[in-house]
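Please look through the structure shown here, and then follow the explanation below, which goes from the parts of the chain to the ligand.

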Amino acid sequence: MNSKCEYDVAVAGGGIAGVAAAIQAARSGARTVLIEKTVLWGGLATSGLINVYLPLCDGNGKQVSFGITEELLRASLKYGPGDIPENWQNEKNGQERKRFISVFQPAAFVLSMDEMLQEAGVDVWLDSVVCAAVTENNRITALEIENESGRIRLSAKQFIDASGSAVLARRLNMPLETTANYLSTWVLQFKDGSFDMNYGAVYGDGNPTQIFSDELLETVGLSQKKLSELEFHGISGRQVTQYIMESRRYMRAYYQYHYEKGLGDRKSLYPVKLPIMAQYRKICAIHAKTVMRDGEDWMRVPDSIGLVADWRRAGSVWEVPYSSLYSEEGPENLLFAGRCMGAVGDAWEVMRVIPSAAVTGQAAGLAAALAVQQNNISPRALEYGDLKDELYKMNIPLHFSELPLTVPENKK
Ligand SMILES: Cc1cc2nc3c(=O)[nH]c(=O)nc-3n(C[C@H](O)[C@H](O)[C@H](O)COP(=O)(O)OP(=O)(O)OC[C@H]3O[C@@H](n4cnc5c(N)ncnc54)[C@H](O)[C@@H]3O)c2cc1C
């Protein structure tokens, strides 16, 4: 097997969390490698055809998430259309209640991420699957990746699992929280003379049929009830395949139905691009030292690495604990970032989206780089004060009290 030069920090998975982690680790002086199994950065946010960068503000006119997550939001618009609402363009804490959000084009976002990674000096491997972690004395020493060259071993001092599905934790048999998902698939389609990026087919989530009428569902042997009972897990290779094949079967039924009913034909209504990742919302979460749980918005956490807002409603803000990015049960030089970090239930809903993935990614990248600088200690042994000082140097607020936020009466 080929062996490649030693890195300080190796990041598995180039989704939003992995990109943020790699950029931060490299900016903090670590020789950093980022490994991605597709050829696109962004994970679900681009390969999954997602096109809304959810809000960085609390919904009451106050920005809460800062740092690389804001850089990425702005970068998503550099090579494509879309605008940040006016009140967020030049000033913070706009009075209007329009949320600090952007609609982006996935391809444009990929180009910006190429640029940011190159500027930070990250060494990147695309089309390369992380297959295994080599361990010694409760530490990972290298990742085995597979690509056109065969199997290659990349050694590093610190590791970040940003795979979305905790692939390293699973390869190392670490305990995980898993969850079932309902089916969904999105499509970029040509419809009524233009490309319709916002058009989504979301199935079985209680608001199941953005494009599926009852009549149409019958054509594939389904009803709303049956649909809502279908459950898939993202950690089984078989189920991932079934999930994708089922969602595409329904997509075909949608076009057949429309053509048969004369609601369009193959020249006026057709799919242009399908996601190249299964659109599982949640796959698994690590058993972190601190697991974020329901009702913990507005809770002060002692080791906060930043703030995130609930994208579903205004006035719900969370402090994110550093200790939700690692588990005490696995190798001591492994951090997690993005949607596989330690959160469950309602907190998972808040943490599984693009802005939160970038917040956890940046903190994991920084922590890994600091651990390297301090004689390659375990990131679990890192003094929180050191992490905090660096985050403050980057003007990232860590507690509610540092921002002019309105805390709801029942949370005071
Ligand atoms: C249908 C749907 C709609 C959504 N809508 C929105 C929305 O509008 N706005 C929003 O903000 N969020 C939305 N989300 C959520 C959001 O896009 C993602 O959850 C978020 O981007 C997660 O980022 P991540 O980096 O943690 O993980 P991922 O996006 O899963 O990235 C993980 C990356 O790791 C790579 N990887 C995995 N395994 C390996 C391996 N073995 N080797 C190498 N690479 C590997 C993957 O290819 C991927 O690029 C939506 C999700 C779904 C499913």
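Eight residues of domain 1 touch eight residues of domain 2, where contact means heavy atoms within 4.5 Å. The model is a predicted one, in which local features need pLDDT of at least 70 and side-chain atom pairs count only at pLDDT 80 or more, while totals for chains, interfaces and linings use all residues. Residues are numbered from 1 along each chain as its sequence is written, and side-chain values use heavy atoms, with hydrogens and water left out.

Domain 1 consists of 2-177 + 283-411, and domain 2 covers 184-273, with bounds that come from an automatic or database domain assignment. Their C-alpha centres are 31 Å apart. Between them the two domains bury about 720 Å², of which 70% is on carbon and sulfur atoms; buried area is the accessible area (1.4 Å probe) that two parts lose on being put together, summed over both. On the side of domain 1, the residues that lose the most area to domain 2 are L49, N51 and I283, which together make up 63% of what that side buries.

Across this interface the rule finds zero salt bridges, a salt bridge being a side-chain nitrogen of Lys or Arg within 4 Å of a carboxyl oxygen of Asp or Glu.

The ligand is surrounded by 36 residues, and the closest are E36, L44, V52, R339 and R352, a residue being near when one of its heavy atoms lies within 4 Å. A polar side-chain atom of R339 is 2.7 Å from an oxygen atom of the ligand, and a polar backbone atom of L44 lies 2.8 Å from an oxygen atom of the ligand; both are polar contacts, that is, pairs of N or O atoms within 3.5 Å.

Definitions and conventions. A polar contact is a pair of N or O atoms within 3.5 Å; within protein, one must be able to donate a hydrogen and the other to accept it, and residues adjacent in sequence count only if both atoms are side-chain atoms.
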